[in-house]
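Dear colleague,

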Amino acid sequence: MPILEIKDLQAGIAGRQILRGVNLTIVPGEVHAIMGPNGSGKSTLAQVLAGRDTYVVTGGSVRLDGQDLLELSPEERACAGLFLAFQYPVEIPGVSTSYFLKAALNAVRKYHGQPELDAMDFLKLMKQKMKLLDMDPSFLSRAVNEGFSGGEKKRNEILQMAVLDPKLAILDETDSGLDIDALRIVAGGVNSLRGPDRGILLVTHYQRLLNYIVPDYVHVLRDGQIIKSGDKNLALELEARGYGWLEEPAAVH
Amino acid sequence: MTQVMTNTSYLQRLLPTGSDSSTSGPLWLQARREEARRQWLRVGLPKNSDEQWRFTDLSPLAETDFSTPAAAPAAVPSSDGRLPGLEGAALVLVNGNLYRPASRLPPAPVKIALLSQAAAADSKIFADLLGAQAHPSHHGLIALNTANFSDVVLVEVPAGVTVAAPLNLAVHALGNQPFTTYPRILLKVGANAAVTVVFSFTGPDHLAYLTNSVVEATVGAGSRVELVKIQREGTAALHIGSDYIHLDRDVTFQSLSLNQGGLLVRNNVTVTLAGPGSQATLNGLSMTAGRQHVDNHTMLDHAREQCASHELYKSLLAGRSSGTFTGKILVRPGAQKTDAKQTSKAVLLSSQATMNSQPQLEIYADDVKCTHGSTNGPLDDEQLFYLRARGLACNQARAMLTSAFASDVLARVWQPALRTMLEDLVVTELHRLEREEF
Ligand SMILES: Nc1ncnc2c1ncn2[C@@H]1O[C@H](COP(=O)(O)OP(=O)(O)O)[C@@H](O)[C@H]1O
Ligand SMILES: [Mg+2]
């Protein structure tokens, strides 16, 4: 069964359509990349999948592991195994990263009928995951994303992903604003989560990230539609030639 | 409002009956009572047309048929208003009178004295402190308190003394039909002393009663003083608190005004920075629901140079509740290098809640820094979505954001045990607001 199955998804904001019939299927173990010029609707797609109610879905369907995703609240989606690494992670003053992560992890565990983790086990898990991302333990006591550098925010997203262990991870421009060292670390973190049971959807504007996280499939989104799909070589071609040569819409996939 | 101005029958009604209070006690007291009575009859309740009372309509006070102030009862219910989890001394005041059986008096050298029991020789300190700051001419409620108080409690911390545990004044209102109470408290802290005083106000739910309290504090040079007010009056109570704090030089002063109870609440806080080099930090946290109204009115009188004042007032408003913050700052001539900062922040948890904030700056010195800012709005959608996208249920996410909003104010409290107690109190209170909201 596919982990994600998007059929003819149409969505927008009041009075304006942004996604105009998106089709995409991801089966467990696959890494897909969505590329496309600025404003093509990549973040909209990511946010719609996560359940942001600023966007109105006007048509189509989405299934996560066979379940109707669009029926679920954002928290139910997260608990059901969908994770979105935000393009712009949100600062939450007054809430420490560890308190937040523990609450999130326990919410997900509770949903699956698992007992809550106690403080000791939680800390052990955090230490292990933070090592993976070369993060200082002092992160935990800082307020969520508050005063974090761009790179720290992105790393924090990947840390959350590693802790919550989703079935489907959507990474929205996780590479933007990262220097090369940070990019390597973040990519290493993502690669370590690659596995036969998980699907990954990378949203990116540049090909650069795909040197580190090599995708199985690459799709080009333009004006709210996937106009071309291919393998990792498509990304290299886009890098060399830009988006201009993709004039005509691709045949429906 | 017209009623308040035309119908003046309430004026007499709210004064003590008989000749009792104006002809007992030392002569100086009788004279001050008489002056206060006259002032009250002249001005009555503050009116909305007065700029300083624009947002708070006191007409319910004129319209309620209060019984005469309740005398000290023989016994106090077990919930006598003392705070759980606070060690240290506790003075329990019932309707303005010290209730000894429930009190745990502080050990020497802290001194507690009552005007009602002061020998003639001891009454001088009362004569000096009482009304030195809270003068009946300020507004009608000071006059009314002065005409009515049944006792005056004096707490004295001598120079050089550090009181380790917070000193709790549990101010309890007790009665079973509409009544009035007039707590009157004096606090005298000598030079180079340190103390935290916690005032907690409680009373019966579903009963219209008035707590009209006046606190006058003087703080000696070089001292560190923290005053925490926890206003948990009953659900139909009218609470008017007027706190005056006079700071000598090089004082570090902090206050917290935590409001969760009462139906109609007005907190007047007046801090006079009377010596150079002092710092005053005023914090506030109001959590309201239903039709509650909380009006925080602060006045910082920068009388001398090199002083700093820092105000942070926060409000969480649910239901149809309303809030007001007025921050008056007076920088007197010669108060150079004044650094005054004022911030009011409100989260409106429902579309029917309202908040008004206004600075009032009067500056008569040129080398000063005064800033003010206010923000009012609902909980941040992006923050809510971020938390929910990580699996937190909507109400859990909201609770996390509201307690985060309150956290910086609470984090400033000096005493760790007190801080923990307040955090628990606030968490419980925030659940009440959440229930209200949906
Ligand atoms: N909340 C929003 N309000 C108004 N316009 C929006 C909103 N979100 C997205 N858009 C518009 O939709 C289009 C797609 O945006 P987005 O999904 O962010 O593109 P991308 O991530 O590919 O750069 C853009 O034209 C953008 O301006
Ligand atoms: Mg984007």
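Which residue of S17(B) is the bridge partner of B:Met299? Please bear in mind throughout that this is a predicted model. The partner is B:Lys328, and this bridge belongs to a pairing in which strand S15 (residues 293-302) of chain B and S17(B) run parallel over ten bridges. S17(B) is also joined by ten bridges to strand S19 (residues 354-363) of chain B, again in the parallel sense, and there B:Phe325 has B:Ser357 as its bridge partner.

Strand S17 of chain B, which spans residues 322-331, is mostly covered, with ten of its ten residues buried. B:Ser322, B:Thr324, B:Thr326, B:Lys328 and B:Leu330 point one way from the strand, while B:Gly323, B:Phe325, B:Gly327, B:Ile329 and B:Val331 point the other way, and the residues of both sets are buried.

Because A:Ser43 lies in helix H1 (residues 42-50) of chain A and A:Gln87 in the loop between strands S6 (82-85) and S7 (92-96) of that chain, the pair ties together parts that are 44 residues apart in sequence. A:Ser43 counts as partly exposed because its relative accessibility is 23%, whereas A:Gln87, at 17%, counts as buried.

A:Ser43 is also one of the residues around ligand 1, which include A:Ile13, A:Arg16, A:Pro37, A:Thr44 and A:Tyr55. Backbone atoms approach oxygen atoms of ligand 1 at A:Gly39, where the distance is 2.8 Å, at A:Gly41, where it is 3.1 Å, and at A:Lys42, where a polar backbone atom is 2.9 Å away.

Finally, there are the nonpolar cores. The largest has 118 residues, and those with the most contacts inside it are A:Ile6, A:Leu49, A:Leu171, A:Leu202, B:Leu258 and B:Leu422. Its largest share, eight residues, comes from helix H8 (residues 394-411) of chain B. Apart from this core lies another, of 45 residues, among them B:Ala89, B:Val153, B:Val155 and B:Met355. Leaving aside residues up to four places away in sequence, B:Leu422 touches B:Val228, B:Ile230, B:Leu256, B:Leu258, B:Leu410 and B:Val413.

With best wishes

Technical notes: Residues are numbered from 1 along each chain as its sequence is written. Chains are lettered from A and ligands numbered from 1 in the order in which they are written. This is a predicted model: local features need pLDDT of at least 70, side-chain atom pairs count only at pLDDT 80 or more; totals for chains, interfaces and linings use all residues. Side-chain values use heavy atoms; hydrogens and water are left out. Helices (H or I, at least four residues) and strands (E, at least two) are DSSP runs, numbered from the N terminus. Buried means under 20% relative accessible area, exposed over 50%, partly exposed in between (1.4 Å probe, protein chains only). Two strands pair if DSSP finds at least two bridges between them. A nonpolar core is a set of buried Ala, Val, Leu, Ile, Met, Phe, Trp, Tyr and Cys residues joined through side-chain atoms within 4.5 Å. Contact means heavy atoms within 4.5 Å. A residue is near a molecule or strand if one of its heavy atoms lies within 4 Å of it. A polar contact is a pair of N or O atoms within 3.5 Å; within protein, one must be able to donate a hydrogen and the other to accept it, and residues adjacent in sequence count only if both atoms are side-chain atoms.
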